[in-house]
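Please keep the sequence and the three-dimensional view at hand while reading.

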Amino acid sequence: MKILVTGGAGYIGSHTLLQLLGARHEVLVIDNYSNSSPEALVRVKKLAGSGFKICEGDILDTCFLNTVFTEFQPEAVIHFAGLKSVGDSNRDPLEYYTRNVSGSIGLFRCMQQHNCSRIVFSSSATVYGEANYLPYDEAHSLSPTNPYGRTKFFIEEVIRDWVRSWDGSSAVLLRYFNPVGADSSGLIGEDPTGTPSNLLPFVSQVAVGRLDKLIVFGDDYNTRDGSGERDYIHVEDLARAHLAAIEYSWENSGCEAINVGTGRGATVFETIEAFERASGCKIPFQCAPRRAGDIASSIASVRKAEQLLGWKAKLNLEQMCQTAWNWQKNNPYGYVSTV
Ligand code: NAD
Ligand code: UFG
């Protein structure tokens, strides 16, 4: 298949490229490098041993998009490009609605003009909001609690209406739980700008000596040990889910939202212990009050992914921590370490 990948230089995009290239799909990446480095794509090419096209540009630039679609004529799109910080979205919601919602609508319009009717979209477990029951299945009510989550919710709704209006079109909305880890080569991985806001990148940077200690946000939740519980999913498994989803969209029409997780939760304390075992490094931490907007537990029901995509997570928390550590110790400052 000819697949256009928006945001392909990013964390999840770069790992997904490896899967797509491994399955011999023809790929073109669009990225404006607002939150990534071209070096990630250099390394993907090296690892895959095969090439793909790269067009530097912004999905908000409709002229640019039109040229890319005219020249490449993609049969499907995997849409990663977007902003992803919950905190920034609270500070500047209009930027988030513009980049994520308007940017996506411009992309969909261009797809329609060029008769490209298949899409896999990066959604998030954050669309569910506070849990009425666990694990979350895809029928759980949607009630995101921050502007970032609402951009994902609105884009899902736009895609649903769009697919309903276009016979034969197909969309898979992948609701990621908590993606972590890195490719086992240690050549590509998560490279956040500034101080990480997510747990695993923060812990990795403590281990490598870039940060002093972890602050544990809340030890009084109603969980096994009082700390927040999440369904961490290895980025390699997540990348495989994209391959399964794009192939599903080739065979099927209509719109499906599908959770991507393991169905198992780990608390913050359990994750610290797993990382210590994987790295051999002690992770100093200090408990502090809960972080605003956080929930106690988030765990995916993974039945639908198994049933529709024939996909199941294979890698466990130890492997997530080992590969995250392998990436961090080989690239202590991310992609700039070696550029
Ligand atoms: P990332 O920031 O590493 O990757 C996003 C990529 O898109 C970057 O390379 C960035 O430069 C590019 N980009 C951003 N805006 C663009 C624009 N207007 N035009 C062109 N390129 C643009 O993020 P990621 O972790 O790989 O996440 C990918 C997608 O998955 C995002 O949409 C994110 O919201 C979603 N998601 C991520 C997580 C997570 O925890 N990482 C969880 C749920 C959903
Ligand atoms: N945590 C800490 N200290 C930190 C960072 C996190 O104790 O420095 C705790 C949090 O309180 C939470 C757990 O670690 O209990 C996981 O937090 P993350 O920030 O890693 O992940 P979240 O579940 O809060 O959110 C992430 C992404 C969202 C996405 C969501 C679901 O940041 O964008 O997963 O996919 F929507």
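Which residues are the closest to ligand 2? They are Ser124, Phe177, Asn198, Arg230 and Asp294, within a shell of 22 residues that surround the ligand; a residue counts as near when one of its heavy atoms lies within 4 Å of the molecule. The model is predicted: local features need pLDDT of at least 70, side-chain atom pairs count only at pLDDT 80 or more, and totals for chains, interfaces and linings use all residues. Residues are numbered from 1 along each chain as its sequence is written, chains are lettered from A and ligands numbered from 1 in the order in which they are written, and side-chain values use heavy atoms, with hydrogens and water left out.

A side-chain N or O atom of Asp294 lies 2.6 Å from an oxygen atom of ligand 2. The backbone takes part as well: a polar backbone atom of Tyr176 is 3.0 Å from an oxygen atom of the ligand, and a polar backbone atom of Ile215 is 2.8 Å from a nitrogen atom of the ligand. On its own, ligand 2 exposes 680 Å², of which the protein buries 88%; accessible areas come from the Shrake-Rupley method with a 1.4 Å probe, and for residues only the protein chains shown count as cover.

Helix α7 (199-207) and strand β8 (214-217) each supply at least two residues of the shell around ligand 2. The largest share, four residues, comes from β8. Helices (H or I, at least four residues) and strands (E, at least two) are DSSP runs, numbered from the N terminus. By class, this shell holds twelve nonpolar, six polar and four charged residues. Here Ala, Val, Leu, Ile, Met, Phe, Trp, Tyr, Cys and Pro count as nonpolar, Asp, Glu, Lys and Arg as charged, and the others, Gly among them, as polar.

A salt bridge is a side-chain nitrogen of Lys or Arg within 4 Å of a carboxyl oxygen of Asp or Glu. Because its relative accessibility is 23%, Asp294 counts as partly exposed, and Arg291, at 35%, falls into that class too. The classes are buried under 20% relative accessible area, exposed over 50% and partly exposed in between (1.4 Å probe, protein chains only).

Backbone N or O atoms lie 2.9 Å from a ligand oxygen in the case of Tyr11 and 3.1 Å from one in the case of Ser34, while a side-chain N or O atom of Lys152 is 2.9 Å from an oxygen atom of ligand 1. The protein covers 95% of the 820 Å² of accessible area that ligand 1 has on its own.

Glu157 is partly exposed because its relative accessibility is 31%, and Arg160 is partly exposed at 22%. In total, the structure holds 17 salt bridges.

Finally, Ser104 lies in helix α5 (residues 93-113). It is classed as buried because its relative accessible area is 1%. Its side chain reaches the backbone oxygen of Asn100 at 2.6 Å. Leaving aside residues up to four places away in sequence, Ser104 touches Ile59, His79, Arg99 and Ile155, where contact means heavy atoms within 4.5 Å.

Key: A polar contact is a pair of N or O atoms within 3.5 Å; within protein, one must be able to donate a hydrogen and the other to accept it, and residues adjacent in sequence count only if both atoms are side-chain atoms.
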